[in-house]
Amino acid sequence: MTSNRYIRQTSLKEFGLAAQQKLEEAKVLVVGLGGLGVPVLQYLNAMGVGTLGLVEGDSVDLTNLQRQVLYSENDIGRPKIQVMLEKLKAQNSGTYFHAYDTFLTRDNALRIIAEYDVVVDATDNFATRYLINDACVILDIPFIYGALHAFEGQVSVFNYKDGPTYRCLFPTMPSTAEIPNCDTHGVLGVIPGIIGNLQALEVVKIITGIGEILSGKLLLFNGLSQSYNKISLTAIPANLNRTRLEDSYGQEPCVSVTSITVNELQTMLSGSKSVQVIDVRTAREYADYKLPLTLNIPLDELENRIQELNLKQTVYFLCQSGKRSEIAIQKLGPKYPETVFYNILGGINTFLATCT
C-alpha cells in the first residue's frame with residue numbers, strides 16, 4: 001500500500017489523515033449486492049474502509065445487468081458474492097472482507113450485524129428491511145437506508161444517536177398484496193447508482209464525523225426533474241426501546257425452496273409425461289409471452305383458485321424472474337405438505353436469455 005493512494009481525499013483539510021485512519025479502522029456491513037450494494041461497495045472499498053462485510057444469497061441474472069454494473073454477461077448464473085469478492089479484491093488488496101453467502105434471516109441477523117459499526121440496507125424487500133432495522137436498534141448500530149422506484153429514490157440514516165428508526169417512518173410492514181412487484185414496477189438503470197453513492201457518502205460521514213448526517217431527514221430524489229427534497233422525521237421513543245426481534249418477518253427471502261433449471265423444464269415439456277406448470281404472472285404478462293402447456297393463475301389469485309391445481313401431482317411454478325414463483329411455494333407449501341412444489345429458476349427471463 002503506497003502512502004499516497006488516498007492523497008486526493010487526505011489532502012482535503014476537512015478530511016485529512018485522521019479521517020482516513022478512521023475509515024481504515026471501520027467495519028461496514030452491506031446487506032444486498034444488487035443495484036444499491038454495487039456502488040456502495042465499490043466506493044467504500046476504493047476509499048479505504050478497512051473491513052467490509054457482504055451478505056447475499058442470490059446469483060447474477062441477465063436482468064441485473066441493466067443497473068448492477070459491476071457484473072458482466074460472463075457472470076450470469078454465478079453467485080453474486082463470488083463475483084463481487086473477485087472484483088473488490090482486485091480493486092483494493094488492502095481491504096479485509098467477510099463474505100456471508102446467505103440471505104439475512106431472523107436466525108442470523110443479530111450474530112452477523114453485531115460485528116460491525118455501520119450497516120447499509122441495500123436490499124429490495126420489506127421483510128429484510130424491517131429485520132435490519134430491529135436488529136440495529138437492539139444492537140445500537142446505525143444503518144443507512146436506500147430505496148428505489150421507477151425514476152425515484154430515497155435515502156436516510158436510521159438509529160443514529162437516538163434519531164428516528166425505520167419504524168418511525170413506516171410503523172408496520174405492508175402485506176404481500178400491498179407490496180409493488182419488482183417484475184412489473186421497474187427502475188431506470190442509473191437511479192440505483194445515484195442512490196447507492198448517496199448511501200456510501202452517509203457511511204463515510206458517520207465514520208469520519210465530517211458533514212451533517214442525514215438522520216431525522218428523508219432525502220427524496222426525482223431523476224426526471226433532477227430534484228432533491230428533504231422531509232423531516234421525528235423519533236418515536238417506543239421504537240428506540242426494542243429488546244427482541246419479531247417472531248416472524250413474513251416472507252423472508254431465505255425460505256428454502258426447491259428449484260429446477262429452465263433446461264430441465266424444457267426437457268420435461270418436450271417429453272411424453274404430463275407436467276403441471278403454473279405461471280403466476282399477471283394475465284397481461286402471460287398474454288404478452290407464454291410457454292406452451294402452462295396454466296396462468298396470477299399470484300394474488302392463487303389461493304382462491306387452488307382447486308385448479310392437481311395437488312396429487314408435482315406442481316412447477318413459473319414467473320418472470322423466479323421471485324413470485326418462490327412466494328407461491330412459500331404460501332402453499334405449509335398448507336399442502338403432501339404436495340411437491342418446484343420453483344423454476346430465473347423464470348421467463350432466463351428462458352428468453354438461454355433459449356432464443
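Student: At what angle do helix α2 and helix α8 pack, and how far apart are their axes?

Tutor: Two packed helices are described by the angle between their axes and the distance between the axes. Axes are lines fitted to C-alpha atoms, for helices over the stretch in contact, and angles run from 0 to 180 degrees between N-to-C directions. Here, α2 (residues 16-25) and α8 (residues 191-208) make an angle of about 105°, and their axes lie 9 Å apart. α2 and α8 are therefore roughly perpendicular to each other; angles of 65 to 115 degrees get that name, under 35 is roughly parallel, over 145 roughly antiparallel, and the rest oblique.

A word on the model: it is predicted, so local features need pLDDT of at least 70 and side-chain atom pairs count only at pLDDT 80 or more, while totals for chains, interfaces and linings use all residues. Residues are numbered from 1 along each chain as its sequence is written, and side-chain values use heavy atoms, leaving out hydrogens and water.

Student: Which residues of α2 and α8 meet?

Tutor: Contact means heavy atoms within 4.5 Å. On the α2 side are Ala19, Lys22 and Leu23, and they meet Val204, Ile207 and Thr208 of α8. By class, this contact has four nonpolar, one polar and one charged residues.

Student: Is α8 mostly covered or exposed?

Tutor: Buried means under 20% relative accessible area, exposed over 50%, and partly exposed in between, with a 1.4 Å probe and protein chains only. α8 is mostly covered, with 13 of its 18 residues buried. After α8 comes Gly209, whose phi is positive, near 80°.

Student: What is the order of the strands in the open sheet?

Tutor: Helices (H or I, at least four residues) and strands (E, at least two) are DSSP runs, numbered from the N terminus. Two strands pair if DSSP finds at least two bridges between them. The eight strands of this open sheet follow the order β3-β2-β1-β4-β5-β6-β7-β8, and the pairing is mixed. Its edge strands, β3 (96-100) and β8 (227-232), each pair on one side only.

Student: How many bridges join β4 to β5?

Tutor: Three bridges link β4 (residues 118-121) with β5 (residues 143-149), and these strands run parallel. Asp121 stands opposite Tyr145 in β5. Helix α6 (residues 126-139) packs on the sheet and touches β1 (27-31), β4 and β5.

Student: What do the buried residues of α11 pack against?

Tutor: In α11 (residues 323-332), seven of the ten residues are buried, among them Ala328, Ile329 and Leu332. The buried residues pack against α10 (283-288), β12 (315-318) and β13 (341-344).

Methods. Nonpolar A, V, L, I, M, F, W, Y, C, P; charged D, E, K, R; others polar.
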